[in-house]
Amino acid sequence: MKQVSTTEIKLSMERFEKDGDWFCDRFNEFQKKYAGKVIAVKNQKIIGVTTKLDDLLKKIRSRGEDPADVYIDSIPEKGVAYIL
Amino acid sequence: MTKIPLKLYKTSGQWMIYSYITVMPHGVHARPVPIKFLVDTGSPWIAISPKDAIKLNIPILRLPKAAEHKTIVFAGDKFERRLLSNTDLYLRDEKGEVIKINLDSISVLKPTKRISEKIKHIPSVLGCDFLTTSKFRLCFDPSNEEGFLEKDE
């Protein structure tokens with residue numbers, strides 16, 4: 001397996017954090033539009049919205065992307081919150 | 001002093017606290033993958049959600065079952081607790097530098113029933129074993145919108 005350098009890890013984390021922050025900053029807006037959906041974000045853009053996780057993973061792969069490189073998050077159904 | 005800033009987000013009208021961590025399991029065909037963890041002191045363990053296990057390409061069926069506390073009830077669903085051994089976790093400190101923490105094992109959640117769509121909402125969680133092993137203290141001050149991990153060098 002190819003060794004991954006700390007620099008590569010750092011860059012990958014920076015990209016992921018930017019996408020995560022971008023998603024979370026817009027959570028309220030997305031909650032109105034995408035309740036119950038699962039969303040893929042890359043480079044601060046939505047690249048896929050589906051109801052089923054499997055469908056989203058297929059969509060990501062069909063774009064030639066690896067899901068490992070994509071920020072994936074979900075929006076609960078309207079009025080639903082999760083207590084773990 | 002090492003300080004790791006955490007992310008605070010309001011997702012249900014209240015502040016929740018998250019950490020972005022890159023996970024690098026050894027011994028399975030996987031590469032380092034960044035994941036968002038909910039910081040959850042109600043969980044005894046750091047646990048990888050089924051959704052993130054897919055992202056990490058973890059062969060969950062080949063992982064050994066935990067010897068103790070084999071079943072976890074989480075968000076109303078039952079999961080088998082599988083163990084991923086020798087895993088490196090990478091976090092970024094307040095200067096942006098990468099810090100590595102190695103854990104002997106971390107828990108991976110395997111649904112006991114057919115995977116339902118509800119699992120897409122279940123996050124990976126950063127539980128108490130992480131704090132114990134890494135020796136980080138958790139500071140969560142929602143009224144000042146601040147959260148971080150810290151430890152003395």
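# A tour of chains A and B

Start with chain A, coloured by pLDDT (the predictor's confidence in each residue, from 0 to 100): the chain averages 91, and 98% of its residues score at least 70. This is a predicted model, in which local features need pLDDT of at least 70, side-chain atom pairs count only at pLDDT 80 or more, and totals for chains, interfaces and linings use all residues. Residues are numbered from 1 along each chain as its sequence is written, with chains lettered from A and ligands numbered from 1 in the order in which they are written.

**Chain A as a whole**

Show chain A as a cartoon. Three helices and three strands make up its secondary structure, where helices (H or I, at least four residues) and strands (E, at least two) are DSSP runs numbered from the N terminus. Read from the N terminus, the order is α-α-β-β-α-β. Along the principal axes, the C-alpha atoms occupy a box of roughly 45 × 25 × 25 Å. Of the 84 residues, 29% count as buried. A residue is buried if 20 or more other C-beta atoms lie within 10 Å of its own, exposed if 12 or fewer, and partly exposed in between, with C-beta atoms placed from the backbone. Two residues are in contact if their C-beta atoms, so placed, lie within 7 Å. Among contacts in chain A between residues at least 6 apart in sequence, 44% join residues at least 24 apart.

**The sheet of chain A**

Select residues 38-42, 45-50 and 71-74 of chain A, which are strand 1, strand 2 and strand 3. They form an open sheet of three strands in the order 2-1-3, with antiparallel pairing. Strand 2 and strand 3 are the edge strands, each pairing on one side only. From one strand to the next the twist averages 25°. Two strands pair if DSSP finds at least two bridges between them. Strand 1 is joined to strand 2 by five bridges and to strand 3 by four.

Now pick V41(A) in this sheet. On one side, V41(A) stands opposite I46(A) in strand 2 of chain A; in strand 3 of chain A, its bridge partner is Y71(A). I39(A) has D73(A) of strand 3 as a bridge partner. Strand 1 of chain A is mostly covered, with four of its five residues buried. Go next to the hairpin of strand 1 and strand 2 of chain A: two residues lie between the strands, and N43(A) takes a positive phi near 50°.

**The helices of chain A**

Axes are lines fitted to C-alpha atoms, for helices over the stretch in contact, and angles run from 0 to 180 degrees between N-to-C directions.

Select S62(A), found in helix 3 (residues 53-62) of chain A. S62(A) counts as exposed because it has 9 C-beta neighbours inside 10 Å. The C-alpha atoms of S62(A) and A35(A) are separated by 24 Å, with the two residues 27 apart along the chain.

Helix 2 of chain A (residues 27-34) has the lowest mean pLDDT among the elements of the chain, 92, while strand 2 has the highest, 97. The number of buried residues among the eight of helix 2 is zero, so this helix lies largely in the open. G36(A) follows helix 2 of chain A and has a positive phi near 80°.

**Across to chain B**

Show both chains. Here 26 residues of chain B are in contact with 24 residues of chain A. On the chain B side, the elements giving two or more residues are strand 3 (15-25), strand 4 (33-39), helix 1 (50-56) and strand 7 (77-92) of chain B. By class, this side has eleven nonpolar, seven polar and eight charged residues. Ala, Val, Leu, Ile, Met, Phe, Trp, Tyr, Cys and Pro count as nonpolar, Asp, Glu, Lys and Arg as charged, and the others, Gly among them, as polar.

**Inside chain B**

Select I21(B) and F37(B). These have the most contacts inside the largest nonpolar core, which has 53 residues. A nonpolar core is a set of buried Ala, Val, Leu, Ile, Met, Phe, Trp, Tyr and Cys residues joined through C-beta atoms within 7 Å. Leaving out residues up to four places away in sequence, F37(B) touches Y18(B), S19(B), I21(B), P123(B), S124(B), V125(B) and L126(B).

Last, select N57(B), in the loop between helix 1 and strand 6 (71-74) of chain B. Its phi is positive, near 60°. N86(B) lies in strand 7 of chain B and has a positive phi near 45°. N86(B) counts as partly exposed because it has 14 C-beta neighbours inside 10 Å.
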